[in-house]
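I opened my notebook to look up a few things in this structure. I wanted to see how its parts are joined.

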Amino acid sequence: MRKRRNISAGHRIDGSRRIVAVAAVLVLFAAVMTITLSLKSVGEQSVRTERDLQAISAELHSQDALEWRAISGRVTPYDVAEELTRSRTRARVLTTRAESSSSSEKLASAQDRYDSAVDDELRLLSVGRTQEAEEVDEAEVDPAFDAVMDLLQEHSGAASSAAARAQWLSNAGIVITVALGLGLTAFVENRRRRAQLRRDAERRSEARYRALIDRSSDLVLVSDREGVLSYLSPSAQRVLAVTGAGAGTVVGAGAGAGAGAGAGAVLNVLALVHESDRDALRVALQQVHPQRGVTVDVRLRTDSSMRTLAISVQDLTSDPAVGGLVLTCHDLTERHELQQQLEHRALHDTLTGLPNRALLAERFAQVLGASADGGAGTGSATALLLIDLDRFKEINDTLGHHYGDELLIQIDPRLRQVLRAGDTIARLGGDEFAVLLAGVGDLETAVAIAYELQEVLTLPFEVEGVTLDVEASIGIALSGMHGDDPAALMQRADVAMYAAKQHGVGVAVYDSSIDGHSPERLALLGDLRRALSNDELILHYQPKIAVDTGEVCGVEALVRWQHPQRGMIAPDDFIPLAENTGLIGPLTTRVLELALGQARRWVDAGEALQVAVNLSARNLLDERLDRHVAELLTRYGVAPALLKLEVTESAVMVDPVRARAVLQRLHALGVQLSIDDFGAGYTSLAHLKNLPVSELKVDRSFVATMQTDSSNAMIVRSVIELGHNLGLSAVAEGVEDAAVLKALAGYSCDVAQGYHVSRPLPADAFERWRAAWPGIAEHQAIAG
Ligand code: C2E
Ligand code: CA
Ligand code: CA
């Protein structure tokens with residue numbers, strides 16, 4: 001592969017440089033060696049010359065002695081002739097050698113002059129001319145001898161200093177050579193070791209780099225500006241399945257390119273990219289330059305699927321180790337999928353996969369915004385239908401959640417039979433669904449569709465061989481007619497749905513009269529929100545007494561609104577408003593807080609009293625009510641048995657199954673339950689039997705008139721008997737006089753409550769009343 005070749009080329013360049021360096025050092029080494037050796041021989045030559053000169057001097061001294069012996073007359077010139085000739089020959093040989101090295105001819109000629117002077121003297125002696133010989137000796141021989149000796153002296157000094165210099169230089173040369181040798185060895189060894197280390201490091205880093213590329217989930221590609229690939233990392237080969245690539249991924253038919261591809265064909269990355277992303281990648285490849293990388297998100301076709309990749313393109317064309325554009329592709333597919341899942345989950349119901357409340361609100365706002373932009377009239381009105389299944393809870397409870405879930409899953413396809421493709425179906429939670437009819441046109445169409453939906457929902461469902469029947473209550477609100485913003489329309493569709501359920505009519509259109517949203521009521525509504533946070537709600541307490549003993553056995557807490565401008569407002573004037581606007585939840589919470597706070601004070605004062613709190617029908621549909629009550633009991637430290645919750649018959653009948661479940665959980669907490677206003681609504685004794693209640697309150701409309709209306713008296717009596725038969729304690733409310741109380745005692749009524757005993761009173765007034773309350777006997781005496 002190209003990269004590898006380039007790495008080894010780099011090695012070659014390094015190696016030849018090293019060879020040149022080593023050769024240079026070797027040449028230097030050789031030169032120093034040669035100089036040293038020649039200096040050494042020069043030195044040796046000089047020493048030899050010096051020695052020759054000394055020998056010449058010795059020969060001349062012996063010649064001088066011979067000459068002196070002759071001139072002193074001890075021997076004849078003939079006696080010394082032979083010896084003299086031999087000495088002269090030796091001297092001449094030595095002189096020739098010494099002069100050839102010192103390149104001087106003066107010595108030989110000086111010797112010649114001395115020799116001829118001695119010869120002259122000896123010739124005169126041999127003929128007896130002693131006097132003249134002595135004169136020659138003095139005038140010629142002696143000076144010639146001295147001259148030779150001076151020359152010898154001079155030559156010898158020069159030779160000895162040359163020898164010393166040569167010796168010194170040659171010694172220095174040896175030192176330098178040795179130093180150079182050592183240096184060279186160290187240098188070569190050092191280079192060798194460093195090269196080894198570098199090779200090791202390169203091997204390691206290449207292995208690491210390779211492992212990184214091999215194991216990385218990122219795909220690494222090298223391409224040219226046209227997208228032609230010259231390298232694919234193993235992961236890229238794997239993911240792109242290049243070896244087995246289909247014809248579609250291979251463009252052109254060149255050979256040998258893409259060494260890493262192993263496909264033997266020219267691969268172009270652009271051919272692998274989804275066609276709608278191709279231009280973006282092409283632009284990135286063209287525009288990238290060494291100073292600035294480019295990142296582009298593309299979808300890439302792999303062997304099995306389409307993957308989303310973030311490709312970061314780096315221009316490494318000028319890097320000889322790469323020589324191309326490096327494409328690092330980070331696979332975003334899983335992250336994308338996760339993100340989509342999270343987004344989907346945030347906006348969809350997990351069970352049915354339908355849009356949830358948030359998505360419905362979003363679509364609703366879109367649809368309303370679009371029709372507002374279009375300036376359309378009623379023709380583009382949008383209807384919101386809220387659907388609540390009537391018998392769903394029963395199925396869940398009797399057959400189990402699995403059946404309930406399966407049924408909920410079948411709701412969407414069932415509704416789709418009636419709806420157009422563009423209509424939105426959402427699940428708001430539990431068994432509550434919503435349908436958004438965009439551009440439905442008019443109310444009549446919306447109502448017609450609602451009836452069709454209701455009808456398909458009444459057709460039996462089948463879950464695992466079991467046939468299930470449900471019914472639905474549908475509330476309708478229409479944009480333009482009932483409001484302009486999603487929140488208001490949602491709330492009004494909810495009011496309508498609740499009305500449909502309450503009246504058992506199946507489909508109901510929002511009607512301001514059921515809602516009571518007159519401007520005055522709307523102002524009151526705003527005030528009520530404020531009242532909840534401003535402590536404007538207070539409780540009055542009305543005692544319940546045991547009919548036989550007169551003992552105070554509890555109180556009923558009744559809410560009042562102390563309006564800053566309007567004064568005291570009775571509950572009948574704001575409870576329905578709260579019920580229809582979703583404020584009943586917070587209102588009930590506030591009442592429970594006040595009632596439990598008071599209960600706690602009575603406990604602390606050593607005169608514990610059971611406090612009854614009224615619940616609305618809407619509270620009974622709140623699945624979290626029991627948890628909420630438990631939390632409040634804990635917070636105020638009040639025993640559950642000191643709390644009684646009063647619910648009306650009709651509230652239970654709105655959704656009997658759900659209400660029963662909520663009541664059962666409250667009962668399990670240890671809270672007492674009471675059926676309020678019994679007899680006023682439609683009576684379902686069957687349900688009463690199944691409810692975990694302990695008390696039955698006869699509606700005050702019968703009690704108050706029982707003295708004048710005998711049929712009402714009969715009802716009161718029957719209800720008390722019924723209660724007793726069911727094991728419930730019977731309470732008569734609306735006891736306005738002693739006669740009624742007396743009659744109730746005759747019916748064996750357990751508890752009485754009414755203006756005759758006491759009006760509802762603020763806590764402090766109630767305490768004063770209680771302190772003064774003498775008990776039934778005296779009370780009857782007083783009344784009597
Ligand atoms: P209720 O639960 O039937 O409460 C009894 C109502 O009868 C009270 O009216 C009480 O003042 C009144 N009353 C008591 N004794 C007599 C009597 O001898 N003769 C007559 N004619 N009336 C008598 P109030 O306080 O105006 O409450 C009206 C209704 O408002 C209550 O009827 C109850 O349904 C509702 N309510 C009161 N407080 C609350 C509350 O905190 N939450 C809820 N959800 N509803 C409440
Ligand atoms: Ca009540
Ligand atoms: Ca009542």
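Predicted model: local features only at pLDDT ≥ 70, side-chain atom pairs only at ≥ 80, totals over all residues.

**Entry 1: the hairpin**

I began with β7 and β8. They pair in the antiparallel sense over five bridges. I picked out one bridge: I425 has V435 in β8 as its partner. Two residues lie between the strands of this hairpin, and G430 takes a positive phi near 55 degrees there. Then I checked how covered β8 is. Eight of its 10 residues are buried, so I wrote "mostly covered".

**Entry 2: the sheet around it**

What is the order of the strands in the open sheet? I read it as β7-β8-β6-β11-β12, five strands with mixed pairing. The edge strands are β7 (424-429) and β12 (507-509), and each pairs on one side only. From one strand to the next, the twist averages 20 degrees.

I reminded myself that strands of a sheet pair through backbone hydrogen bonds, either parallel or antiparallel. I then looked at two more pairings. β6 and β8 run antiparallel and are joined by seven bridges. Among these contacts, L386 has A434 in β8 as its bridge partner. β11 (residues 472-478) and β12 run parallel, with three bridges between them. There, I474 has V507 in β12 as its bridge partner.

Which helix lies across these strands? I found helix α13 (residues 486-503) across β6 (381-389), β7, β8 (432-441), β11 and β12. This helix runs at about 145 degrees to β11.

**Entry 3: aromatic rings**

I looked up ring pairs next. The count comes to six aromatic pairs. Y541 and W602 have ring centres 5.3 Å apart and planes at 70 degrees, so I put the pair down as edge-to-face. Y541 lies in strand β13 (residues 537-546) and W602 in helix α17 (residues 584-604), so the pair ties together parts 61 residues apart in sequence. Y541 and W602 are both buried.

F766 and W769 make a stacked pair, 5.7 Å centre to centre with 25 degrees between the planes. Both sit in helix α26 (residues 763-772), three residues apart, about one turn of the helix.

Why does W769 count as buried? Its relative accessibility is 15%, and buried means under 20%. F766 is at 0% relative accessibility and counts as buried. I also noted that ring pairs link Y541, W602, F766, W769 and W773 into a cluster.

**Entry 4: charges over rings**

I found R414 over the face of F461, at 3.8 Å from the ring centre. The charged end of R759 sits over the ring of Y755, 3.8 Å from its centre.

**Entry 5: calcium**

Which protein donors hold the calcium ion (ligand 2)? I listed E556 (OE), N614 (OD1), E646 (OE) and D676 (OD), lying 2.2 to 2.3 Å from the ion. Along the chain, these donors follow the spacing E-x57-N-x31-E-x29-D. The calcium ion (ligand 3) is 3.7 Å from the calcium ion (ligand 2), and D676 coordinates both.

E556 is in strand β14 (residues 552-563) and E646 is in strand β17 (residues 643-648), 90 residues apart. Both E556 and E646 are buried.

How values were computed. Residues numbered from 1 in each chain as written. Chains lettered and ligands numbered in written order. Heavy atoms only, no water. Phe/Tyr/Trp six-rings, centres within 6.5 Å; stacked < 30°, edge-to-face > 60°. Helix = DSSP H or I, 4+ residues; strand = E, 2+ residues; numbered from the N terminus. Buried < 20%, exposed > 50% of the residue type's maximum accessible area, 1.4 Å probe, protein only. Lys NZ or Arg CZ within 6 Å of the ring centre and 35° of its normal. Pairing = 2+ DSSP bridges. Axes fitted to C-alpha atoms, helices over the stretch in contact; angles between N-to-C directions. Contact = heavy atoms within 4.5 Å. Donors = N, O, S within 2.8 Å, 3.2 Å for Na, K, Ca; no water.
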